[in-house]
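Dear colleague,

Please find below the structure that I am handing over to you. My notes on it follow.

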Amino acid sequence: MSRIAIIGAGPIGLEAALLATQLGHDVQVFEKGRVAENILDWGHVRLFSPFEMNSSEWGRGALTKVLGPDALPHEDVLTGSEFAERYLIPLSRLPELADRINENCHVLSISRQHFRKTEGIGSKTRGAEPFRLLIEQNSTRRSVVDDSLDDASDDDERSSPPNSVRQVQARHEVFKYRVDERVQLADVVLDCSGTYPHHNWLGDGGLPCIGERDSLTENHYRLPVIRETEFGGRIVLVIGSGFSAATSVVALAELAKQHPRTKVLWLANSQPEKGIAAGPLTFIPNDPLIERDRLTAKANDLAVVGHISRASLTETSSHPVVWFSDVAVVSITRTKTFREFDGFEVELDWSRSHQLRTDGQNPFPPSVTVDRIVANVGYRPDRSIYEELHVHECYGTQGPIKLAAKLLGETSSDCLSQTTHGAEVLKNPEPNFFVLGSKSYGRNSNFLLRVGIEQVREVLASLNH
Ligand SMILES: Cc1cc2nc3c(=O)[nH]c(=O)nc-3n(C[C@H](O)[C@H](O)[C@H](O)COP(=O)(O)OP(=O)(O)OC[C@H]3O[C@@H](n4cnc5c(N)ncnc54)[C@H](O)[C@@H]3O)c2cc1C
């Protein structure tokens, strides 16, 4: 039996926790928010893959055993919220997992006991020591203004362990700063902390464009609920060439049916070696994932009809989407629009666009003024938590190298054609530290839950041998 620490109570962390418990391990899950935090954040979006593909047989079996055969969702394709409420949250409440899921516990960093990063490289003695996880729990921070360091009115704080309360006197102000931290030891660590919502940047080459860090907040990179109050009748700039951006564009086009003044400017690359007529999204012939097929068709259709080169035609004047293909953002400046809402002035670089005239002149606008920005430009792993460990990463994707090398060898554009590659490719130079789930793919966005569930099975089987 091993002490297994699991970081993240998303779908893969929960599946791992349940199977590891069933195999007799001593499991603790640390979740910085609530169970299924990230999925609930985009809960309004419908998953592409059917429920059976997104859940394990051990998860479905355990729920059926405890709650009866009607406990499982009967619909095939659920929204993120439905998936969380009808499968993931019930999983987390199974008796096997009682007292094993620690919500509001943020894993800040992981190390090997007694070994610094530079010590014991490749040695058996390093691998024999447990992991140490530094965890911030239910952190509450507050500051009070007081003349005295000795605040007798707060009995709670007086009875706390002395190292959990730090008092700092600055001039005449006393700041009480409470962080409840603790260290957890473990023999095995499964990092299932995902990539969402650690976003990429929208500027050329993946850098922040000028003004981006100042003008946009974390919310601009999420998948927004397209509410009439927020987006109706507005000019919205959507940036991104993948399914998340397509989801936002299609939802905005729907809203435009009720609010015809809603206009979407969609900055998305065209597909390599395909013309504008193919649209930005790769079409998968006979796609078995019906929702994905529908979204691809709708988004490409909206883009092609509304391509910028057709913007002056009268038949497209009422079309809700204008597709700016292969255009980069140079800068973003916050501004006030005439509607008195905060808007943005966005400067564009057309040098890669195929729409330039043969004389090199650009007939299109060098900048646009918009009311809203939705930057669905992808997500990346937060590697800071394993900085003290030995993890060999791929320089292209930032996923662990052995798996990344296998994935780079895959040529199909359909993530559904992927298989897993066994526990061996999930091993790191740091023994018994595994990155699983969407984080194992790093910046590669092809991850599917089906693959993560298989990873869990393979890694836990390898521990038991
Ligand atoms: C909009 C969208 C639609 C998708 N649709 C599909 C689909 O149809 N089919 C499919 O197979 N895949 C889909 N995916 C991809 C993928 O399956 C999901 O992203 C899925 O949520 C990944 O599961 P996970 O458990 O690896 O990570 P997550 O669900 O991201 O869970 C990670 C958890 O770790 C927690 N956490 C993070 N850092 C820490 C820390 N330091 N300490 C403690 N806890 C931490 C987070 O709060 C979170 O709860 C979709 C992704 C997105 C964004």
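Does F433 count as buried or exposed, and what is its relative accessibility? F433 counts as buried, at 0% relative accessibility; buried means under 20% relative accessible area, exposed over 50% and partly exposed in between, with a 1.4 Å probe and protein chains only.

Please note that this is a predicted model, in which local features need pLDDT of at least 70 and side-chain atom pairs count only at pLDDT 80 or more, while totals for chains, interfaces and linings use all residues. Residues are numbered from 1 along each chain as its sequence is written, and side-chain values use heavy atoms, leaving out hydrogens and water.

The count of aromatic pairs comes to 10. Rings of Phe, Tyr and Trp (its six-membered ring) pair if their centres lie within 6.5 Å; planes under 30 degrees apart count as stacked, over 60 as edge-to-face and the rest as tilted. One of the pairs is F131 with F433: the ring centres are 6.4 Å apart and the planes stand at 55°, so this pair is tilted. F131 is likewise buried, at 0% relative accessibility. R112 lies over the face of F131, 3.9 Å from the ring centre (the rule asks for NZ of Lys or CZ of Arg within 6 Å of the ring centre and within 35 degrees of the ring normal).

F51, F83 and Y87 form one aromatic cluster.

Finally, the whole structure holds zero disulfides, a disulfide being a pair of cysteine sulfur atoms within 2.5 Å. C105 is buried, with a relative accessible area of 2%.

Yours sincerely
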